There are 2 protein chains.
Amino acid sequence: MKTIALLFKLNIIFTTTISAKHTTTNWISMKRNRISIKDISKALGLSNTTISFILNGKAEEMRISAQVAARVLAYVKEVGYTPNYLARGLVTGKTNTIGFIVENIGNPFFSQIASLIEEQAYNNGYKIIYSSTNGEKAKALELIRMFRDRGVDGYILCPTEGLEEEITQLREENRPVVLFDRYLPAVDSHYIGISNEDAMYNACKHLADKGKKHIALITTDSQQTQMLSRLEGYRKLLKERNLTAYILSVPYEERRERLQLDLENFLENNGIIDGICFATNYLAVGGLEVLRRNQIKIPSHIAVVAFDDNEALRLFQPGITAVAQPLEDMAKLIIDRLLIDLKLGKVTDKTFHKELPARLIVRESTG
Amino acid sequence: MKTIALLFKLNIIFTTTISAKHTTTNWISMKRNRISIKDISKALGLSNTTISFILNGKAEEMRISAQVAARVLAYVKEVGYTPNYLARGLVTGKTNTIGFIVENIGNPFFSQIASLIEEQAYNNGYKIIYSSTNGEKAKALELIRMFRDRGVDGYILCPTEGLEEEITQLREENRPVVLFDRYLPAVDSHYIGISNEDAMYNACKHLADKGKKHIALITTDSQQTQMLSRLEGYRKLLKERNLTAYILSVPYEERRERLQLDLENFLENNGIIDGICFATNYLAVGGLEVLRRNQIKIPSHIAVVAFDDNEALRLFQPGITAVAQPLEDMAKLIIDRLLIDLKLGKVTDKTFHKELPARLIVRESTG
DNA sequence: CTGAAAGCGCTTACAG
DNA sequence: CTGAAAGCGCTTACAG
């Protein structure tokens with residue numbers, strides 16, 4: 001049967017290529033290249049079982065003689081055998097792969113945390129498959145299902161709205177999930193983020209302490225938890241200090257196109273504003289361009305605080321005060337939490353909901 | 001046999017959990033959840049073969065009646081069946097996955113191109129597994145091998161030095177590979193990048209045309225092709241205009257720590273410098289901080305051009321003139337090229353070596 | 001201590 | 001037009 005299959009394939013190649021001889025050789029060598037457990041057991045006169053046990057470090061447990069084990073390991077090393085993960089995954093149901101879903105890997109916040117998560121996962125023997133949702137629920141659903149079909153062992157998700165049902169199902173199927181950046185209130189799931197309310201409260205407090213009386217919040221209309229909490233923090237400080245709220249809420253879908261015009265109008269109509277908090281990184285970058293184009297002096301005319309720190313804010317002149325998320329700690333917590341469920345082989349009943357404190361990095365933009 | 005295995009697993013659960021009943025139910029529902037071709041064929045009274053053909057769009061080709069096909073498709077949709085990619089991959093040797101290796105996903109250049117490549121791949125039915133080498137050959141080798149063990153169909157590599165042998169082997173095994181950003185001169189492989197020499201030549205020419213007579217190049221000692229070409233471009237312009245070269249070459253390994261001190265010394269010792277080209281993005285960001293800290297006026301004292309454009313350079317005051325890589329075109333070419341080999345099922349003899357032109361975005365930093 | 005054999009969920013050459 | 005059966009490369013319960 002094997003021979004027949006071989007001949008058949010060769011035949012295909014013969015009829016479709018010009019340099020048949022060359023390709024044929026390649027094809028054979030390609031198959032030869034990939035050595036299997038069967039090849040090893042045959043060569044060493046042992047059974048597949050024995051090889052497999054030794055390869056999986058179960059030699060002692062299965063009371064396989066040290067000499068046999070050593071002989072197998074030496075041979076494996078010599079021929080450079082590596083196991084086929086697809087076959088292994090098919091049997092064990094484990095692939096040592098983590099599905100990582102972000103909003104957009106091109107966003108510095110996500111790419112930086114991706115870099116850290118990748119490293120942590122790698123150190124623990126896991127690889128990452130990633131994808132971006134661009135904030136679309138349909139895309140997110142498709143990605144989760146695709147990951148499932150590919151048998152990822154666990155999921156790290158930056159969820160869009162409307163994913164409640166799917167995530168609940170993942171949990172019911174005992175698939176480890178950790179949410180980050182934002183969570184879904186209706187779903188009981190592990191979550192790691194920052195204390196957004198406190199972070200924004202502190203940012204605004206910093207402005208108020210600098211004597212600002214008319215503090216604006218530039219945000220989007222997204223109903224994601226992290227955005228709502230930031231809004232809460234803003235409101236809390238304003239209430240505490242008896243200040244008027246000036247809120248510009250840009251439609252999330254058109255956040256890039258609309259920001260510029262909307263912000264210009266907003267500032268024109270509210271000339272009294274003397275402090276601005278940007279609720280997220282792309283709003284800050286876009287907003288700073290608007291401020292500059294309108295020759296608004298920072299901080300003398302308007303003081304500025306941004307959410308999420310990055311190079312652009314650091315290099316801006318004046319340096320922009322920013323709320324920095326503890327990316328490294330977050331990445332570590334996310335992976336650690338996922339690994340616990342992964343090792344356990346099932347989802348724990350008690351979910352872990354952790355909000356880390358953010359750090360306010362004070363620069364010249366707030367005087 | 002199946003029943004025995006089932007009981008065994010249940011037993012394990014009974015002995016390790018408290019709410020055994022609950023967990024048991026979960027476990028069964030988890031297995032039930034995953035419906036297979038066998039389940040479908042049984043339910044519909046057809047063979048696995050027929051189901052498989054229909055699922056793979058071979059119904060017509062295999063002359064399966066339209067009614068049967070429709071019935072199967074309807075049932076599949078109803079029960080929400082999705083194929084197990086591991087099993088499929090084991091048989092076909094295809095996983096519809098592309099291995100994507102970058103230097104560091106946290107670097108904006110790589111995360112932006114990753115975002116674009118991911119989208120293009122996704123539109124063509126491929127998923128991305130990615131990893132970062134951090135410029136280390138050992139890590140790169142390990143990643144390539146890990147990807148191979150996981151059966152990725154193709155490779156998009158930003159190669160480190162010393163990967164010649166491994167890449168040659170991939171080609172010999174008929175595994176599609178596309179290099180980007182830099183290539184390995186000793187290896188015949190597809191490559192997509194930019195015309196680095198021209199790009200740097202034009203950047204320096206722009207400075208010279210602005211009357212700069214003492215143009216410095218800040219680069220690393222990396223021997224990667226893209227860096228060498230940029231150096232060539234610099235040299236070419238200098239020769240053409242009869243200008244003296246001022247080159248600061250920071251050790252690649254310590255590029256972050258050393259840049260600051262080295263650059264300060266360099267500028268101090270070469271007070272005559274009136275123009276600077278940074279050879280890559282992190283050098284530009286670090287370098288600009290040094291210039292600012294030393295209160296060097298841009299462009300009046302020193303004019304500046306950076307390689308790779310990004311937000312930080314755009315927002316910097318003054319705006320920094322930058323060489324912008326055509327990321328979108330590159331991503332498209334990379335995927336298109338890989339898809340050709342992927343569809344073909346083997347590596348083409350003729351390799352594709354394409355260098356796209358970069359664009360110089362002139363801002364205030366060059367006067 | 002070790003091996004024969006079943007099974008994971010697919011695809012596909014072959015036989016009607 | 002459709003099905004029985006082999007095989008992809010592993011793991012593992014069972015039987016010595």
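Two residues are taken to be in contact if their C-beta atoms, placed from the backbone, lie within 7 Å. In this predicted model, the contact defined in that way takes 41 residues from chain B and 42 residues from chain A. On the side of chain B that touches chain A, at least two residues each come from α2 (20-33), α6 (85-92), α7 (108-123), β2 (127-132), α8 (137-149), α13 (281-293) and α14 (311-315) of chain B. Sorted by class, that side of chain B has 18 nonpolar, 15 polar and 8 charged residues.

The relation between the copies can be stated as a superposition: chain B is brought onto chain A by a rotation of 180° with 0.0 Å of shift along its axis, at an RMSD of 0.1 Å. That is the relation of a two-fold axis, and the same surface serves both copies, since 100% of the contact residues of chain B recur in chain A. Of the residues of chain B, B:Ala312 comes closest to the rotation axis, its C-alpha lying at 1.9 Å.

Strands also meet across the two chains, for β2 of chain A (residues 127-132) pairs with β2(B) in the antiparallel sense over 3 bridges, and A:Tyr130 stands opposite B:Ile128 in β2(B).

Along the principal axes, the C-alpha atoms of chain A fill a box of roughly 85 × 55 × 35 Å, and buried residues make up 41% of the 367 residues in the chain.

Methods. Residues numbered from 1 in each chain as written. Chains lettered and ligands numbered in written order. Predicted model: local features only at pLDDT ≥ 70, side-chain atom pairs only at ≥ 80, totals over all residues. Least-squares fit on C-alpha atoms with pLDDT ≥ 70 in both. Helix = DSSP H or I, 4+ residues; strand = E, 2+ residues; numbered from the N terminus. Nonpolar A, V, L, I, M, F, W, Y, C, P; charged D, E, K, R; others polar. Pairing = 2+ DSSP bridges. Buried ≥ 20, exposed ≤ 12 C-beta atoms within 10 Å, placed from the backbone.
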